[in-house]
Amino acid sequence: MLEQEPSTKGIEEQESSSLKRKNFLIGLTGGLISILVLSGLFYLVLGSKWQTKKASQEKTLSLEDSVITNLSDRSKAQRLSQLSQLLSSEKSAKNSEISQLDRHRARYLLAVESLKRNQPQAALQYLEGLATDYELLAPYILLREAEAYQKMQQSERASTITESILTNYPDSPAVVELLTLLNRRSSEDISYLVSQFPYHPQTQQIAKEKIKQNRDHWQSLLLMATYDRGENLNQIRDRLVLEYPAQLTKQDWQTIADGYWRSGEHRKAADAYLFSPPSPQNLYRTARGFHRNGNFTTAKRAYQRLIREYHDAQETGQALLYIARLSSADEAIAYLDIAIAKFPIQIPQALLDKATIYDRFDKIPKAQLSRKQALENYPDSQAVLNYRWQKAYNLALRGDYNGAWQWGKAIANTKSKESDPKAIFWLGKWANQAGKTEGANLAFKTVLKLHPQSYYAWRSAVMLGQDVGDFQNLRQIQPNLKFKQHYEPLPIGSETLQELYLLGQYQDAWVHLQSELFNPQQLTVEEQFTEGLLLVKLGQIRPGIQHIWNLAQRESVSDRAKWRSLRERDTYWYSLFPFPYQESIVTHARQEKINPLLPISVMRKESTFDPQIDSPVGAVGLMQVIPRTADWIAEQNNIATYNLTKPEDNIQMGTWYLAHNHQRYQNNSLYAIASYNAGTGNVNSWLQQFSLQDPDLFVEQIPFPETKDYVEGVFGNYWNYLRLYDSNYQL
């Protein structure tokens with residue numbers, strides 16, 4: 001039942017991209033017209049950046065100041081009531097003046113809700129004159145008016161609005177819904193939509209239909225490879241590479257290579273980058289792709305070309321370290337000396353690598369000098385911290401905890417957020433065993449300061465005596481849950497995108513974001529985070545969390561700096577640790593007398609909140625309940641019928657079973673969680689084999705890597721849910 005934890009627009013525009021898009025869309029458009037006519041799909045793709053007109057000067061007010069931001073955590077009935085009050089009140093509940101802009105926002109949201117309730121006349125009353133007053137969302141307002149008239153069977157008035165939108169807002173995403181709403185099927189309309197908006201999700205569906213009709217329609221394959229970021233696209237990339245290489249431009253190869261790289265197919269990416277426009281990043285990825293695949297000779301040639309042609313590029317500094325590992329001793333030293341001379345950020349690792357080479361050939365004085373330079377001049381570098389950790393770890397294995405502390409105490413004093421929280425935590429444990437309480441506390445406080453969201457931050461808080469729960473008492477704790485979140489604007493995006501997000505119009509916001517992405521296969525850090533956040537808001541939690549979590553895999557210094565900056569935002573952590581199914585989780589946790597943060601933590605680890613997911617061993621749903629176990633649970637609880645893909649049923653059964661596991665182990669959450677993954681038989685065996693005096697040591701001794709990861713993942717989840725949602729610890 002293990003679900004592996006997901007493990008970081010300043011892209012320079014290339015002039016050929018526009019020409020390339022036109023070339024393959026010419027072929028695509030003609031072939032797609034028949035599909036569009038038959039299917040009635042008239043969705044546009046956001047192919048150009050929609051420049052909205054300026055809104056009223058009230059837009060200069062901070063988005064955070066809007067009273068609308070206070071309504072996100074309310075029930076639908078409460079929201080509607082308070083939106084209505086905004087239109088009639090002079091002041092908000094906090095006695096602050098209600099801006100005219102917030103009144104416009106309230107009118108729009110009430111109109112949207114009226115349309116959902118099939119109340120078009122009420123919607124039109126809210127929308128009357130709003131397109132003029134609230135220009136920022138004018139095309140969306142006109143779209144809602146057209147929708148209302150269509151519901152009232154006044155198609156002529158809806159058509160008049162359509163011409164207004166097409167004339168005044170031809171690039172607006174509202175066009176897609178509008179032409180679909182009016183069932184516009186002319187070839188001219190279809191050609192306009194396909195040619196102007198090549199990366200709308202509906203266009204991907206159109207391309208799929210075209211491929212079904214004609215599997216050799218390579219333009220449709222290329223469209224999907226260029227703009228779709230879903231799963232299972234590598235088969236399409238494979239077909240383009242193997243069957244249509246002559247039709248592909250250099251920019252097409254770049255797109256395919258980026259897609260391979262993003263999906264982890266580094267060897268295939270390396271091949272594709274060979275045909276892409278030359279750049280430091282492309283050459284670096286070519287070399288790394290071959291290197292990771294064991295093609296060392298080819299990798300070395302690619303590294304050499306990068307070093308020769310882009311000798312000052314950031315990627316070259318890292319390449320010098322890698323090529324040194326593929327070279328003879330003399331060559332390696334020469335490469336490392338270049339890195340030391342030209343790339344300051346690589347100096348610590350280069351010095352330590354030189355020392356390793358000197359050791360290998362018994363050049364002890366030179367090895368000692370290189371290490372001394374690294375340790376003394378770059379004490380807080382990641383390379384030096386890792387070196388100290390290995391020395392300390394080896395000493396601790398031999399029981400020399402005092403020696404381990406002496407080697408590692410510099411790690412406890414680090415200020416580097418690139419440090420390893422596990423290393424710092426264990427140095428604290430060893431300091432305690434060496435009788436150095438002050439040093440131990442320093443280490444634990446360092447973990448909490450530098451890595452406050454990590455599993456080891458929770459363990460450090462426990463070691464410092466903080467009241468955050470421990471393995472022995474987590475079940476009994478009843479947190480004071482508070483689900484209200486502070487609003488933060490998106491880190492990127494136009495005024496229109498920000499406004500749609502503020503209003504909670506997440507689907508429109510997600511589509512609008514697509515219009516502002518220049519390279520869908522190579523998102524910037526901010527773009528990737530923003531898309532992940534919006535996916536979580538839309539209920540697509542699993543891919544949303546994956547988007548955000550994968551930012552940690554970014555390699556470049558600038559990308560990692562941007563990623564770390566995002567980690568300072570509350571919304572980063574609320575997006576990584578959402579709390580769906582709140583009512584059901586709290587209800588069943590209360591019924592089973594178990595801390596509700598335990599089932600939500602298990603759920604996030606097991607399924608990342610995908611109710612339809614199943615595992616190779618047959619486990620199903622949010623809490624990955626095995627059907628035969630579900631039958632037994634149903635029998636114990638007199639449940640006549642159930643469906644494990646139904647969230648309510650799965651949460652009920654999973655929470656009951658989690659509580660049952662706690663009863664088996666006298667409410668010890670460590671053993672209960674471990675058995676939820678590995679089974680009671682294995683856990684009972686480990687309890688006989690390992691010492692139980694130190695629970696942290698017990699976790700380290702778990703012989704199944706997946707179960708060890710599972711335990712740390714679940715309790716890391718618990719810690720973050722405690723910090724985010726318990727009002728006693730809330731950010």
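Modeller: A residue counts as buried under 20% relative accessible area, as exposed over 50%, and as partly exposed in between. The model is a predicted one.

Colleague: Is arginine 371 buried or exposed?

Modeller: Arginine 371 has a relative accessibility of 18%. The cut-off for burial is under 20%. Arginine 371 is therefore buried.

Colleague: Which residue forms a salt bridge with arginine 371, and where does that residue lie?

Modeller: The closest N and O atoms of the pair are 2.3 Å apart. Arginine 371 sits in helix α20, and its partner, 12 residues away, in helix α19.

Colleague: How many residues apart are aspartate 696 and arginine 459?

Modeller: The two form a salt bridge, with N and O 2.7 Å apart. Both are buried. They also belong to a salt-bridge network with Lys429, Asp470 and Asp694. Aspartate 696 is in α38 and arginine 459 in α25, a separation of 237 residues.

Colleague: Are helices α28 and α29 roughly parallel or antiparallel?

Modeller: Their axes lie 7 Å apart, at an angle of about 160 degrees. Angles over 145 degrees count as roughly antiparallel. So α28 and α29 are roughly antiparallel.

Notes: Residues numbered from 1 in each chain as written. Predicted model: local features only at pLDDT ≥ 70, side-chain atom pairs only at ≥ 80, totals over all residues. Heavy atoms only, no water. Axes fitted to C-alpha atoms, helices over the stretch in contact; angles between N-to-C directions. Helix = DSSP H or I, 4+ residues; strand = E, 2+ residues; numbered from the N terminus. Parallel < 35°, antiparallel > 145°, perpendicular 65-115°, else oblique. Salt bridge = Lys/Arg side-chain N within 4 Å of Asp/Glu carboxyl O. Buried < 20%, exposed > 50% of the residue type's maximum accessible area, 1.4 Å probe, protein only.
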